Amino acid sequence: MAIQIKATTLLEAIHYLLNQVRRYNPNDVAPPAAVIWTDADGQWEPIVPQLQEVMPELLIWGEYDPDNMQGPAIWLRCVIDGMLDIGLPSRTIPVIYLPRVSRQRLRAAEECPDMLKPLVELQYRGIVWTQRNGKDWTVEAMLVSQDALGLDVAKDRQTRQAMLVALSQLAVTPVERLRGKRLEAEDFDRLMLGDIERELLLWINDPTSTKAAWGDEKWVAFCSRCQADYGFDPESDGELVAAEKLGLKEEGRWQSLWTRYIEGPTLYPGIPDKLRRAKPASLVFDDEPWPDFNEAEEASLRENLSELEKLSPVDARARLKVLESRHGLRREWVWAKLGQSPLAIALEHLATLVEVTARGIGGSSPGEMAQLYIEGGYQADHAALMAIGSVRTTEDYRAVQAAVRSMYLPWLEDAARHLQDLIAREPLPNASDAQPLVTAEPGQCLLFVDGLRFDLAQRLITMAEARQLEANGTWRWAGLPTVTSTAKPIVSPIQNQLDGEQLGEDFAPRISESGTILDSNRFKRLMDEAGYQVLGPSVVEQPDNSTARGWAEEGKFDRLGHTLQGKLAAQLDEQLKLVLDRIQRLLMSGWRQVRVITDHGWLLVPGGLPATSLPKYLTESRWARCAAIGPSTYVDVPTYGWYWNKYHSVAFAPGVSCFVRGNEYAHGGVSLQECVLPDLIFSLSSVPFTVVDILELRWAGMRCRVVTDATSGDIMADLRTKPNDPSSSITTPKKIDAEGRVSLLVPDDTLEGTVVSLVLIDQAGRVQAKLTTTVGGE
């Protein structure tokens, strides 16, 4: 089922959809060369300059005009292929707008005009941006499509004409003002003539260009309205007087104008500079409207945060409470929406860190410590990551780093040393005293995610519930040392086929029957022999039968952690989305449940974990947080038995230190973050299945009329090219009415003759009945 996007304006909707089509997984595929935007009727031409203000990577096919990012096809090819440097933003995928060129014209290579032929090849190295049905995005489609804004717009000729005439104003009108009614020609005309607030903000934003674009008649009318409604004359007073009045929120109309501005501030990128220049010298009582005040407060906060590492944890927490009381309000200001208050945003998470680290984690046994951790202690890990991920510049990162280290590092150290003391007396489970074997139930797929720390698992659950998935979980201990070679086999169904006769340098167990060391190929063979359906990387396969058991792998948290170190924090949401996408695809492919398991957690402290000396000659292999030692070797650090053979000792760095300097990210040791593992089960909604049958289906042109025996209004009907894939819908899904009937219109007449499936779907999104049919009838 299509979901309307969240955008405050039409311009933001276009920007959002173009960003979505450019999303890709850099670990799996090469980036597309460019996005091709075809516009057969040139409908979007009036607002392309507006869109370029927020998308400097937007190129235009046309006459040579490099100052406006426009040029002929051969020039565009040279820019895309890196032969010309025109100052495109780095690491962004360009978008090429082709006015008055249809996708069909570009696709017909032999018939394509010579002036376009240099761009034909780009549609294979890049992406052609179209609607779901393959057609160009028109203005009307963007407004009414459920994949875009989902507005109710009349279909008559006058409305369509007025819509295009008013496009420049329509593009920046808040969408909420357009909802809840059928939009007709009069509504679009009113946008053109009556939105004085928008016009005034546009003029303050860029007075010279705006006046030139309006023409003399509109300028005279604008000045008249400003004098009557706002008490100032744009001609004689100028934009700085207007900006001062806007910032001071003088009288009711200026207060209303300020409210309008903060609804969509990104549409007016020039206003912050005008406010900065227009700030009155006299005392002002409202600091919010003035960006220089916010900038000064950010600088002050940066300085204060940078000094926290010099303080004790108790003093640092006290100081942060004072800073939060002073700066927390700025998170509600417009400058936070514009990304100009990153430290105020980070401060919210640092305030959480203050509360959680003040409590510490005690307990008289490893189990008690783990329980305290999963009941709330993990929130310190979450808060630290969120604070680090809130900032982008080096100076802001260092400020947050100082704040995090002041509280979080001592808290981690105390908890890790306490856990290490406890397991010296009460060891964690090992192969001879193992936790229950991890196996899949019939119809269940095990999804292994390397390095899914406990706090990330809680974020994953929240994200899944937002997608209407059911999620629940428990926890288990990791095996020692907490490295993949040791810990991954422990959470697999073949654990009981392995042992640890010898402790090798990579900590991998051996296969008991053959005596060979376990590697990835042997792991897959054992899983096959155990009756598991092993799914390839990033591949979704349907279960072979209703009792199939699956094994799949997803996620690159650990790989990215070793590569990016502290910068991993900014990548976590994207990686969690990829994992959740995989879970959802597995469930939609027919797996009854997906059980998510992992091998180990990790530590991440900006600025680096402390170092502990362990001479290399005392070890057989030395990793960041653990080392293999000989049976008669004495080392002055904690040692515990290897999971696969407790008589083989492994040395561990004390507390949260490392045997190697310079690590912000590390694992392999003993801490709650590394050892407490999530064990999660995801499923589609548990809404009871509804028995429903399709009694009759007939076509009247492109309209499909259906009769069912459904008695509940909770059943939806849809037409899909792939029955279990909601994104393959070719119509707008509708609810079955009280009489069990529904009518579905296929708006794209080019789909006539296409074989599709009529599906009936329950509240949980499950297909309850399906019937193959041909669009338009046989």
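**Salt bridges in the predicted model**

Author: Arg-125 and Asp-81 are joined by a salt bridge, in which the closest N and O atoms lie 2.9 Å apart. This description rests on a predicted model. The two partners belong to distant parts of the chain, 44 residues apart: Arg-125 is in helix H6 (residues 122-125), while Asp-81 is in the loop between helix H3 (73-80) and S4.

Arg-77, Asp-81, Glu-121 and Arg-125 are linked in a network of salt bridges. In general terms, side chains of opposite charge can pair when their charged atoms come close.

A second pair may now be considered. The side chains of Glu-45 and Arg-100 form a salt bridge, with a distance of 3.2 Å from N to O. Here too distant parts of the chain are linked, the residues being 55 apart: Glu-45 lies in the loop between strand S1 (35-39) and helix H2 (48-54), and Arg-100 lies in the loop between strand S4 (95-99) and helix H4 (103-107). Glu-45 has a relative accessible area of 32% and is partly exposed. Arg-100 counts as exposed, with a relative accessibility of 51%. The class of Arg-100 follows from its value of 51%, because exposed means over 50%.

Arg-276 meets Glu-295 in a salt bridge whose closest N and O atoms are 2.4 Å apart. Arg-276 is found in helix H17 (residues 271-278) and Glu-295 in helix H18 (residues 291-306), so that the pair, 19 residues apart, links distant parts of the chain. The relative accessible area of Arg-276 is 32%, which makes this residue partly exposed. For Glu-295 the relative accessible area is 35%, and this residue is also partly exposed.

These pairs are examples from a longer list. By the rule of a side-chain nitrogen of Lys or Arg within 4 Å of a carboxyl oxygen of Asp or Glu, the count comes to 45 salt bridges. Among them are the pairs Arg-125 with Asp-81, Glu-45 with Arg-100, and Arg-276 with Glu-295.

Methods: Residues numbered from 1 in each chain as written. Predicted model: local features only at pLDDT ≥ 70, side-chain atom pairs only at ≥ 80, totals over all residues. Heavy atoms only, no water. Helix = DSSP H or I, 4+ residues; strand = E, 2+ residues; numbered from the N terminus. Buried < 20%, exposed > 50% of the residue type's maximum accessible area, 1.4 Å probe, protein only.
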